[in-house]
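Subject: Structure for you to look over

Hello,

Here is the structure I promised to pass on. Please open it next to this message; my notes follow below.

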Amino acid sequence: MARYAKGDRVLVRRAFPPGHIRTPWYIRGKSGVIERICGEFGNPEELAYGRDGTPKQSLYRVRFRQNEVWDDYAESPSDTIDVEIFEHWLEPGA
Amino acid sequence: MRGAHDLGGLPAGTVDMAEHEHGFWEKRIDGIRLLLADKERQLITVDEMRRGIEALGKEAYDKLNYYERWTASVTGVMLEKGVITADELGRKMAEIEERDKARFEDG
Amino acid sequence: MSEHTHDHGHDHGHPHPNQPDIDSEPMGYYQVMGSALGELLIEKGVITADELRAAIETVDSRTPEGGAKVVAKAWTDPYYKSRLLENGTAAVDELGIDMPATHLVVVENTETVHNVIVCTLCSCYPRMLLGLPPDWYKAHAYRSRVVREPRAVLKEFGTEFPDDVEIRVHDSTADMRYLVLPRRPEGTEGMSEEELVGVVSRDSMIGVTLPKVS
């Protein structure tokens, strides 16, 4: 059961653990909007060590405004970036 | 500590658009990985291979090329799982080096 | 390492024959390692030499033509296009292209949005549709910069857009793979689906260039 729905505002957690992490450094702590629920998938952080990655988690595509991701974004204010993020990396946004 | 592979947003130079032909040895490691990951064998997952590449550390990540990193990672995971032993690998590598040297000496 | 070099763009690619491993230089450390791994796995019966040959041929056989056929069909069949945008995996399966573990998301370029694909963390790429990724896609510069300054990177590829067009970057961080559905260029009105396949370049399906009618 997915915690978030399309259109929800979410915040990527500001955490920096070691290990095999598929949430890129540049997007941590940033706020975006759920573009779609991709489905449920095994957790790569666990799969990386030969474990089965269960329980599967909801994966989302989250859309961010580039000028909210980069303090010094010098290109167009129209620009966006979509990133796939697992549910456990997300918190409800303001 | 940011992983050496986690590149998004880091400063970098211009994109070098030159493309190289994939050598046989590169396709071979790609083929080996494909087989090791298949349903029959399930000896390595993409996630394990990625983790292995990330674990090579910054110097290796920057110096080794793409398929060299694959080779190092896949071999490392096979060692971890005991599919091959370090001893077997060391001996085989020495044997291959000898064969390769002979190729040049005969020529 | 291959001894033949030629400059043809890999817009469609074509399968290259297997090169025997005969180089003009001694094998490097990792070539030796890869070779050792292969021999040991065969000796132990984990894989067979025939299976390895077949796997290499599979790697070799995939070209961007698969993706180009999908795009050409979407350009000529609006119902297909609609299915493609709704569920990329199912739609390419209709053309016999199987995505075994990952899911395909097809993103459409429009008058107001231009899409660009990257995998900043490694080199995730829709190999089933486009074959092997180009070196630049896997290298540091593209992966670092296209998320931060996409327009500057696009400009290096000769592609520019006004500020009111949204440049949307897609970072393939998990189980989705992306294909850009470029806009059908002008001057292609009379072309058949087969002819249109020739218009769709690999780079336009990554999003760094637009398809061109030569």
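Two residues are in contact here if their C-beta atoms, placed from the backbone, lie within 7 Å. Helices (H or I, at least four residues) and strands (E, at least two) are DSSP runs, numbered from the N terminus.

This is a predicted model: local features need pLDDT of at least 70, side-chain atom pairs count only at pLDDT 80 or more, and totals for chains, interfaces and linings use all residues. Residues are numbered from 1 along each chain as its sequence is written, while chains are lettered from A and ligands numbered from 1 in the order in which they are written.

Chain by chain

Chain A has 2 helices and 5 strands. Along the sequence they run β-β-α-β-α-β-β. The C-alpha trace of chain A spans about 40 × 30 × 20 Å along its principal axes. The radius of gyration, taken over C-alpha atoms, is compared with a globule rule of 2.2 Å times the number of residues to the power 0.38. For the 94 residues of chain A, a compact globule would come out near 12 Å; the chain has 14 Å, which agrees.

Chain B has 5 helices and 0 strands. Its pattern along the sequence is α-α-α-α-α. The C-alpha trace of chain B spans about 50 × 40 × 25 Å along its principal axes. Its radius of gyration is 17 Å, whereas a compact globule of 107 residues would have one near 13 Å.

Chain C has 11 helices and 4 strands.

Now burial. A residue is buried if 20 or more other C-beta atoms lie within 10 Å of its own, exposed if 12 or fewer, and partly exposed in between; these C-beta atoms are also placed from the backbone. Buried residues make up 37% of the 94 residues in chain A. In chain B they make up 37% of 107 residues. In chain C they make up 44% of 214 residues.

Next, contacts between residues at least 6 apart in sequence. In chain A, 58% of these join residues at least 24 apart. For chain B the share is 59%. For chain C it is 69%.

Strands count as paired if DSSP finds at least two bridges between them. An open sheet is formed by 7 strands, in the order 5(A)-1(A)-2(A)-3(A)-4(A)-3(C)-2(C), with mixed pairing. The edges are strand 5 (90-92) of chain A and strand 2 (113-118) of chain C; each has a single partner strand, so one side of each is left without a neighbour in the sheet. From one strand to the next the twist averages 35 degrees. Axes for that angle are lines fitted to C-alpha atoms, for helices over the stretch in contact, and angles run from 0 to 180 degrees between N-to-C directions.

Where do the two chains join? Strand 4 (residues 80-86) of chain A pairs with strand 3 (residues 166-171) of chain C, in the parallel sense, over 4 bridges. A:Val83 has C:Asp171 as its bridge partner in strand 3 of chain C.

Chain B and its neighbours

Chain B puts 47 residues in contact with 53 residues of chain C. Helix 1, helix 4 and helix 5 (86-106) of chain B each give two or more residues to this side. Helix 1 of chain B gives the largest share, 10 residues. By class, the side of chain B that touches chain C has 22 nonpolar, 11 polar and 14 charged residues. Ala, Val, Leu, Ile, Met, Phe, Trp, Tyr, Cys and Pro count as nonpolar, Asp, Glu, Lys and Arg as charged, and the others, Gly among them, as polar.

The contact between chains A and B takes 9 residues from chain A and 10 residues from chain B. On the chain B side there are no nonpolar, 3 polar and 7 charged residues.

Helix 1 of chain B

Helix 1 (residues 24-36) of chain B has 13 residues and reaches 18 Å from first C-alpha to last, close to the 18 Å expected at 1.5 Å a residue. That expected span is 1.5 Å times one less than the number of residues. The helix is mostly covered, with 11 of its 13 residues buried. Among them are B:Trp25, B:Ile29, B:Ile32, B:Leu35 and B:Leu36. The cover includes helix 2 (46-54) and helix 4 (66-80) of chain B, together with helix 1 (29-43) and helix 2 (49-61) of chain C.

Best wishes
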